[in-house]
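Here is a briefing on one protein model, arranged by topic. Please keep the sequence and the coordinates at hand while reading.

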Amino acid sequence: MLIAADKFKGSLTAVQVAERVTAGLRRAAPGVEVEAMPVADGGDGTVDAAVAAGFERREVRVAGPLGDEVTAAFALRGDTAVVEMAEASGLQRLPAGVLAPRTASTYGSGELLRAALDAGARTLVFGVGGSATTDGGAGMLSALGARLLDADGEPVTPGGGGLADLATADLSGLDPRLAEVDLVLASDVDNPLTGPTGAPAVYGAQKGASPDDVAALDAALAHYAKVLEAALGPRAAEHASAAGAGAAGGVGYGALLLGARFRAGIAVMLDVLGFAPAVERADLVITGEGSLDEQTLHGKAPAGVAAAARAAGKEVVAVCGRLALPPEALGRAGIRRAYPLTEIEPDVVKCIADAGPILERVAERIGRDFLC
């Protein structure tokens, strides 16, 4: 049996989900063989999933989204590094109760990529999601050697808001090693940089942006893309409208400018984690995440796991905190049945607080349904 589930956000990490499901299955069938492969789709938890699969955890001091120094991690195995931008520039790096939609910067994410290069990485899997930022990757580019200057020849202030003052962009000083690596942009969203489906309009509010902030950030990012087009030519404009450019507050745009190729985050991670040989060894695959809902069907980890398992001819069930999909939608996604925690404990607050023990009981049900 293969457990390939994502985190239950706010309750359990993907590693803890696998541990609890394993414990529950073994209550029903003590001798069952279980292989745990915690998964992630590029957002927070991506490094932890790689470490659980045998990558080495490397820590480095980098700038947080507001410029204060934080300890961030990336994962390394051989010459492949998994870099999670949320480690440096994520919402969890902001002080409690503080949101900074106009000033949060991705500079630390660039430092994290540079640290992976220093460690000898030749393939960089750049997982993006959960960001505190809407700066179009400007901070990241600056950390990697770009010069983004205002009319006085001074660096623009950090964050998306400062890009309104951008006058010139010089990317000639980018770290030359970037031209020699395979940079993979791993994301579960395919938004463009700006416009009604762009980064500020769709994701600004969750980072604390008011309607005025959203309008200002969208205009600043559009101006940023225009300045980069003047510096780099038409490809800068093409990247701004490309799928994935708007990921994580536009850090996807910055990655595309660096030559990244965009792939669905869960597909990348399944390759990196070695899902294909693991699923061949399994009779049943258990996937899941905190909420199985309409978003799950659009690039989230359980849908990716189910698609890959179905392609291998394996049956899939899912665990979740909350289920908001009808059986027919689950079936189309390749999931035979979902087991929500709310079937055992209808009180959502209690489910969140006691997710671990409740998940064990859910997994025991799965064991009885499929193993006994």
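The sulfur of Cys-351 lies 9.8 Å from the closest cysteine sulfur, which belongs to Cys-320, and that is too far for a bond. A disulfide here is a pair of cysteine sulfur atoms within 2.5 Å; by this rule the count is 0. The model is predicted: local features need pLDDT of at least 70, side-chain atom pairs count only at pLDDT 80 or more, and totals for chains, interfaces and linings use all residues. Residues are numbered from 1 along each chain as its sequence is written, and side-chain values use heavy atoms, with hydrogens and water left out.

**Cysteines**

- Buried means under 20% relative accessible area, exposed means over 50%, and partly exposed lies in between (1.4 Å probe, protein chains only).
- Cys-320 is buried, at a relative accessible area of 0%.
- Cys-351 also counts as buried, with 5% relative accessibility.

**Parallel sheet**

- Helices (H or I, at least four residues) and strands (E, at least two) are DSSP runs, numbered from the N terminus.
- Two strands pair if DSSP finds at least two bridges between them.
- Five strands make an open sheet with parallel pairing, in the order β2-β1-β11-β12-β13.
- Its edge strands are β2 (35–36) and β13 (337–340), each of which pairs on one side only.
- Strand β1 (residues 2–3) runs parallel to strand β11 (residues 284–292), and 2 bridges join them.
- Ile-3 has Ile-286 in β11 as its bridge partner.
- Helix α15 (residues 355–370) packs on this sheet and touches β11, β12 and β13. Its direction makes about 150° with that of β13.
- Helix α12 (residues 301–311) lies across β11 and β12 (315–323), at about 160° to β11.
- Axes are lines fitted to C-alpha atoms, for helices over the stretch in contact; angles run from 0 to 180 degrees between N-to-C directions.

- Thr-22 sits in helix α1 (residues 14–28).
- With a relative accessible area of 14%, Thr-22 is buried.
- Contact means heavy atoms within 4.5 Å.
- Leaving aside its neighbours within four places in sequence, Thr-22 is in contact with Ile-3 and Val-34.

**Antiparallel hairpins**

- Strand β3 (residues 56–63) and strand β4 (residues 69–77) run antiparallel, joined by 8 bridges.
- Arg-58 stands opposite Phe-74 in β4.
- The β3 and β4 hairpin has 5 residues between its strands. In that turn, Gly-67 has a positive phi of about 95°.
- β4 also pairs with strand β5 (residues 80–84), in the antiparallel sense, over 4 bridges.
- Leu-76 has Ala-81 in β5 as its bridge partner.
- The β4 and β5 hairpin has 2 residues between its strands, and Gly-78 in the turn has a positive phi of about 60°.

**Buried helices**

- In α9, 11 of its 11 residues are buried. Among them are Tyr-253, Leu-256 and Leu-257.
- Ala-248 belongs to α9. This residue has a positive phi of about 50° although it is not a glycine.
- Ala-248 is buried, with a relative accessible area of 10%.
- Just after α9, Gly-259 takes a positive phi of about 95°.
- Helix α10 (residues 265–273) is mostly covered, with 7 of its 9 residues buried. These include Ile-266, Val-268 and Met-269.

**Largest pocket**

- On a 1 Å grid over the protein atoms alone, a pocket is an open set of points where a 1.4 Å probe fits, with protein on both sides within 12 Å along at least five of seven lines; lining residues have an atom within 4 Å of a point.
- Grid points are joined across faces, edges and corners, and a volume is the space filled by probe spheres set on the points.
- The largest pocket holds about 1100 Å³ of space.
- Its lining has 44 residues, and the closest to its centre are Lys-9, Asp-41, Asp-188, Gln-295 and Lys-300.
- The elements giving two or more residues to this lining are α9 (247–257), β10 (261–264), β11, β12 and α14 (348–353).
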